[in-house]
Amino acid sequence: MTTITNIHATTEGDGKLHRSISWTGAFWVASGVPALVLFSIGGIAGTTGTLSFLVWAISIGMGFIQSFIYAEIAGLFPNKSGGASIYGAAAWVRYVKLVAPLSVWCNWFAWSPVLSLGCTIAAAYILNAFAPIPAVNSAEVAQWIAAHATTLTGTDAERAAAAVAALTPAVRDWTLFSHAIGPVSFSLNASFFVGATLMLVVFAIQHRGIMGTASVQKWIGLSVIIPMIIVGLVPILTGKVDWGNFSPLVPLAAAGAADPGSWNIPGWTLVLGGLFIAAWSTYGFETAVCYTSEFRNPEKDTFKAIFYSGLLCLALFILVPFTFQGALGLTGMLDPAIVDGSGVAQALAHMVGGGKIVESALVMLMILALMLSIMTAMAGSSRTLYQGAVDGWLPRFLGHVNEHGAPTRAMWTDLWFNLVLLAIACADATSFFFVLAVANVGYIIFNFLNLNSGWIHRIDSGHVARPYKAPTFLLVLGTVFAFANAVFMGAGAKVWNPVALWAGLITAALIIPVFIFRHYVQDGGKFPHETFEDLQVGDGTKTQKRAGILPYLALIAGIAVVILSDLFFHL
């Protein structure tokens, strides 16, 4: 196995990622993760009601515990980038060859859509600023109704709807092309073109390599994290949190309905749906270990990066949803503009207080927050593609870096993939959450495989000294969480779209022809030498398969849990 000394000898222009950052650099690159709360805080509130703050707290608590396992397995491979999926794949390849690329693939198609989803929300904020759609209860709507009173007919709601339609800027309804395919629509509308522009800006920044990315994200991160802390604390300190908004602690009668339900099967299904979609955001700080081969001192930097990123996320994913719910209440959280995400920034501004200037400033900061999360996603997902190509899981052309050490071909792949998803996500809220749910099916599969890879690595290479070794009870707890995540997926995916689970599983299965092409066509059935390095941990001797049938039993049990959860839970 390549030693740390040799790795440090990596130089500019050698066609490899460059060792140019410390753990603080990875921390700032991962600092975009807390902004992921903006993607689904409205959707989860509209699904779980008064339980929303608990869903976020439970989910980030699970993510924080799981991160200790990822920190341990990352330390075993200081010469690899791409994150936990790469390190987990090294455990599974010894037992089931196809599971290893499945882990890498699922991690990529889970993380990559952050680009398109984040650009969709950011585009909505920008369009709201320059071409706002008037609120039903706004003065503009009232004036229009008064001016056209003699010609209007119908109910008050119908007259208000007519006013909103008349006052809506034409650009908000314009589209170059739109169509529907199965459960989703796609549209090349104004949001698409604004979002595509933002995506290209992120690509340009990422092109400079990890050192330049970390430097930019440090300042954006500071300008975003501090306001998020302010948004979380000010309403509490100023007494704007209404404690009555946290009761009764029961599920909603139905998604989007303000009526309290009960702890029956449909109620539990909604809660599990909330935990399913929250995981996509709260577990995301594991991206801090995507940059192991770019750390100057991976033995120390790896654990610090994920631990301190986890502490930041633990604080913000608990604080912001708690204050959000306490200030808005159930009715406020069920507002359509909150549920689809387009009105979240304005709501946060009103929570803090202040006039139009404060609101405009916070909207700008929310756009920066989304840009930060998009940069985090492109940095992590492109490195997953890069390392997957180097290790023989994905096509060779992805294993290329430019003179700055940036995996540009993987980044271009991310870009084109997300332009397609952007057209879907920009169409409507249903399509947006369909993309999110399908992505999260991949993310849950990845987490299941990698949490189980923790104990597989411990059994197969327990004799190897680790820079960090997770306490055994956390290893056991993480394994339990792997199966809990399988329940979330089996039971909760249908909350967001009836076919989300199956669409996600089909997307996961696409790795089969991709891997067959790489392994049997490009490589002639042989793995690159980098993959064999994964089987040699520590002393350079080949790691033995000591786990017996346990990995196979874990796979069978995981599949069974998903199927049974899907059959048992329903709306």
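## Helix H24

In this predicted model, helix H24 covers residues 550–568. At 1.5 Å a residue, its 19 residues should span 27 Å, and the C-alpha atoms at its ends lie 26 Å apart, which agrees.

The buried residues of H24 are Pro-551, Ala-554, Leu-555, Gly-558, Val-562, Ser-565 and Asp-566. Viewed down the axis of H24, they fall within an arc of 105 degrees, so they line one face of the helix. An α-helix has 3.6 residues a turn, so residues three or four places apart point the same way. Turned away from the buried side of H24 is a face that carries Ile-556, Leu-564 and Leu-567, which are exposed.

## Packing of H13 and H20

Helix H13 (residues 265–282) packs with helix H20 (residues 472–496) at an angle of about 100 degrees, and their axes are 7 Å apart. With that angle, H13 is roughly perpendicular to H20, because angles of 65 to 115 degrees count as such.

H13 contributes Thr-269, Leu-270, Leu-272, Gly-273, Leu-275, Phe-276 and Ile-277 to the contact. From H20 come Val-487, Phe-488, Met-489, Ala-491, Gly-492, Ala-493, Lys-494, Val-495 and Trp-496. Sorted by class, the contact of H13 with H20 has twelve nonpolar residues, three polar and one charged.

## The chain overall

The chain contains 24 helices and two strands. Of its 571 residues, 59% are buried. Among contacts in the chain with a separation of 6 or more, 82% are accounted for by residues 24 or more positions apart.

Notes:
Residues numbered from 1 in each chain as written. Predicted model: local features only at pLDDT ≥ 70, side-chain atom pairs only at ≥ 80, totals over all residues. Heavy atoms only, no water. Axes fitted to C-alpha atoms, helices over the stretch in contact; angles between N-to-C directions. Helix = DSSP H or I, 4+ residues; strand = E, 2+ residues; numbered from the N terminus. Parallel < 35°, antiparallel > 145°, perpendicular 65-115°, else oblique. Contact = heavy atoms within 4.5 Å. Nonpolar A, V, L, I, M, F, W, Y, C, P; charged D, E, K, R; others polar. Expected span 1.5 Å × (residues − 1). Buried < 20%, exposed > 50% of the residue type's maximum accessible area, 1.4 Å probe, protein only. Arc of directions from axis to C-beta.
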